[in-house]
Amino acid sequence: MEFRPADQAAMREAIALARRSLLERDADVPVGALLIDDAGRVLAASGNRREALSDPTAHAEVVVLREAAAARGDWDLAGCTLVVTLEPCPMCAGAAHLARVDRVVFGAWNTDYGAAGSSWDLLRDRRLSHRPEVVGGLLAEECGSVVREFFERRRAN
């Protein structure tokens, strides 16, 4: 399981989304996500929207899965790659599994809540009927620095 040439460009776009959230007044944890189809087209892109929507499920990953499914008119997102700056939590990993995405590519590891190989490995659990390819650590330092900056600012205030 390796990174594909297009993964880095997609991750840079996800990082830009995450960085934008640092500028918002009611900033949420800066996570950016994209869903890309098998032809390389971005079907949806978002940052975390929990604060903006007052919705505990509005993590970046869930938002892009919802938007892409709506755009395709189908919940089955087979053939797609989810690119996210932070390792998905259990909810987001479960959503990616249920949407049947083919690949999950993430940047920084989430040792507190990650469910794609650090704290849990939900996506590769052999008991599940669908297991996407999981590739972690793409531009990990850059992705992690955005989250660290957010929490450093928060602690300073």
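Predicted model: local features only at pLDDT ≥ 70, side-chain atom pairs only at ≥ 80, totals over all residues.

Colleague: In what order do the strands of the open sheet stand?

Modeller: In general, strands of a sheet pair through backbone hydrogen bonds, either parallel or antiparallel. Here strands are DSSP runs of E of at least two residues, helices are runs of H or I of at least four, both numbered from the N terminus, and two strands pair if DSSP finds at least two bridges between them. The five strands follow the order β2-β1-β3-β4-β5, with mixed pairing. Because β2 (42-47) and β5 each have a single partner strand, they stand at the edges, and one side of each is left without a neighbour in the sheet. From one strand to the next, the twist averages 10°.

Colleague: In which sense do β1 and β2 pair?

Modeller: Strand β1 (residues 32-36) pairs with β2 in the antiparallel sense over five bridges, and G32 stands opposite G47 in β2.

Colleague: Which strands does α3 lie across, and which does α5 lie across?

Modeller: Axes are lines fitted to C-alpha atoms, for helices over the stretch in contact, and angles run from 0 to 180 degrees between N-to-C directions; contact means heavy atoms within 4.5 Å. Helix α3 lies across β1, β2 and β3 (81-86), at about 150° to β2, whereas α5 lies across β3 and β4 (103-108), at about 65° to β4.

Colleague: What is the phi of S54?

Modeller: Most residues other than glycine have a negative phi. S54, although not a glycine, has a positive phi of about 50°; S54 sits in the loop between α2 (50-53) and α3 (60-72). L139, also not a glycine, has a positive phi of about 50°, and its place is in the loop between β5 (133-136) and α5 (140-156).

Colleague: Is S54 buried or exposed?

Modeller: Buried means under 20% relative accessible area, exposed over 50%, and partly exposed in between (1.4 Å probe, protein chains only). S54 counts as exposed because its relative accessibility is 66%.

Colleague: And L138, buried or exposed?

Modeller: L138, found in the loop between β5 and α5, counts as buried because its relative accessibility is 8%. Leaving aside neighbours within four places in sequence, L138 is in contact with residues including F3, M11, V105 and C143. The C-alpha atoms of L138 and V105 are separated by 7.4 Å, although these residues are 33 residues apart along the chain.

Terms used:
Residues numbered from 1 in each chain as written. Heavy atoms only, no water.
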